[in-house]
Amino acid sequence: MSTNEPDLQEKQANKMNHEKKPKDEPGIYNGIKNMFTGKRFKFSFWYFIFIIIAMLAINMYMSQDRSTIGVDFNEFKSMIANKEIVRVEIQQEKYVGYNMTKQQALSIVQTNAFQNLTQSSSNLRIYSTYALNDPSFIPLLDEHNVEYYATAPARPSIFSSLLSYILPMLFLLIIWRIVFAKMGQGGGQNVLSFSQNKAKIVAEGDTGVRFTDVAGADESKLELEEIVDFLKTPEKYTEIGGKIPKGVLLVGPPGTGKTLLARAVAGEAKVPFFRMSGADFVEMFVGVGAARVRDLFRQARENSPCIIFIDEIDAIGRTRTGAGLGGNDEREQTLNQLLVEMDGFDSRTGVIILAATNRPEILDQALLRPGRFDRQVLVDKPDLEGRFAILKIHTKNIKLAKEVDLRKIAQSAAGLAGADLANIANEAALMAVRSKRKMVTQADLEEAIEKSLAGLQRKSRILTEDERCKVAYHEVGHALTAKMTKGAPPVSKISIIPRGISALGYTLQYPTEDRFLMSQSELLGNIDMMLGGRAAEEIVCGEISTGAANDIARASDLVRRMITEFGMSERFRNITLPSTNTQGLGVNREYSEAAQEYIDNETAKIVNGRYQKVLEQLKVNREALETIAKKLLEKEVLDGLEFESLAQNLVIA
Ligand code: ADP
Ligand code: MG
Ligand code: ZN
């Protein structure tokens, strides 16, 4: 790069033409192209390395000036003096000397036009030296009549300038690819597709779940069977002109099998199942959730007939607050997009949207409008038969001892949901393994139920003697009050072994049947039982403790509900006083200040009245209270029979 010499430039141009070739090689070219288009992406890291090395080599080869002879400054000066150098090119940091004038060099090129270039230039000698700041240098040139001129600093070759642009870009590109490949495994499909996020949408061809896998939800199943039928034979409905609901909302407490039912619907209808959880839509980037909704519906339309299932829809579907504190634009955008998508298609396309929630009351009204989730299916906690059936399903693969009576287990598991029962079956199996048995016994199952009812048994929690004593009297107070309350379920166990975090002791009453209705006297009886603990403490210890906080909270809550919900007070007999709208700050009640005052006074009056009654009853039976508490302190646990035999001669006022 040291010369303006035409022949040399030509030489360089020639070289370039030859050396450029490898760059056009199809393999590498495709490698680069694939990188950008992302078509059949294989990480072409080695392509880069190869290209970079090749370009570096070319560059080095070209910048090497082989025809130049390096000399030192003194020698250069003496060559000028000897007329060996007749022309000097002054560059920024070096002097280049030639043994021919420009004129001579040109004439040689012309005469040898048809000869080999290298040969023709063989007479040309080029010397170079580093420029020193020598004031006598120019006078020397003048003195020897040397032709001299200065040139601008040589321009870098095209390759090196390309390289200096391309190299950093390539590195950035590599890093970019690696980062994106890591971010959304499979996101490498298309760098710009992170909104599609295939990882989050769970698509199942066949869920493998059938209605027979869901027990105890017969009414819910009945309603969903229609959906299955529609997905199987849509003509039947469309011919008549009937409309099938687009959206079905499964409503019910946690663990009752909503997710399971949705999968069963897809399984029965043998259609693909697209599942996404409400929480998955809400992301840190505004707009991503909406994009996911779009993507979910697009995929569903492409695969119709199918089922879209949005689990825990309350995460996005809760009431839009308008000018909420801080607001949640992202969630609202997502919800809006969902509404738009639901409006935008016809159920005749064969896409049905199922959603599940355990808090239907917080859902935005727009979601429940006709044409959206206009049908709601209640999935409630199972009744006795349901629990029995669920236990049968979940103990199918567990070896049970002959004595096991699942019906009895189901009986004592009142109030538990399907997920709890599944857990109980598993827990019992684990317990059998732990005690190295080959079969699960009734005791294992009972223990598992107790565990799940009252938290883990923890004998390690140490109470002081005084505390234990108080807990014992408290629990016996509950039990005795229960015994004296007409119609209350029998006491089946009293324990002062601490369980879980908060329960210091407990009194278990197994209901003999499921209750759907309760009379006013039964409710009052319940309140008595809750207050019995504290009353016993007061009688024996002369003062009350914090141990009853939970009891009195439940008692006062129940009394308040009797007044406001069940219409069981004197003034508001048969009238409800709703106070449902509890979102935001403060309670929105739909009754007057005076009514509130009445509720407060009445609650206090009823609770106090019941408490006095319980107190009196226990005082009369103090002897029984003392003996049973002593026995309990000694044994820690009393079962139903032991308690009954000790609580024989009670005086019921
Ligand atoms: P939800 O979605 O209502 O919270 P899930 O459907 O996730 O409840 O239920 C969790 C697990 O509990 C299920 O996978 C299943 O094993 C068990 N389960 C719940 N309800 C039932 C039921 N009715 N029949 C059988 N198994 C059930
Ligand atoms: Mg669920
Ligand atoms: Zn209590």
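Predicted model: local features only at pLDDT ≥ 70, side-chain atom pairs only at ≥ 80, totals over all residues.
A backbone N or O atom of Ala215 sits 2.7 Å from a nitrogen atom of ligand 1, a polar contact in the sense of N or O atoms paired within 3.5 Å. Residues are numbered from 1 along each chain, ligands from 1 in the order written, and side-chain values rest on heavy atoms, without hydrogens or water.

An N or O atom of the Lys258 side chain is 2.7 Å from an oxygen of ligand 1, and for the Thr259 side chain the distance to a ligand oxygen is 2.6 Å. On its own ligand 1 has 560 Å² of accessible area (Shrake-Rupley, 1.4 Å probe), and the protein covers 78% of that. Helices H11 (258–269), H17 (384–394) and H19 (418–434), taken as DSSP runs of H or I with at least four residues, each give two or more residues to the shell. H11 gives the most, with three. In total, 14 residues surround the ligand (a heavy atom within 4 Å), and Gly255 and His394 are among the closest.

Elsewhere, helix H25 runs over residues 622–635. Buried there (under 20% relative accessible area, 1.4 Å probe, protein chains only) are Ala624, Leu625, Glu626, Ile628, Ala629 and Leu632. Their cover includes helices H21 (465–484) and H22 (520–541). Just after H25, Glu636 adopts a positive phi of about 70 degrees.

Conventions. Polar contact = N/O pair within 3.5 Å; in protein donor to acceptor, adjacent residues only side chain to side chain. Expected span 1.5 Å × (residues − 1). Buried < 20%, exposed > 50% of the residue type's maximum accessible area, 1.4 Å probe, protein only. Contact = heavy atoms within 4.5 Å.
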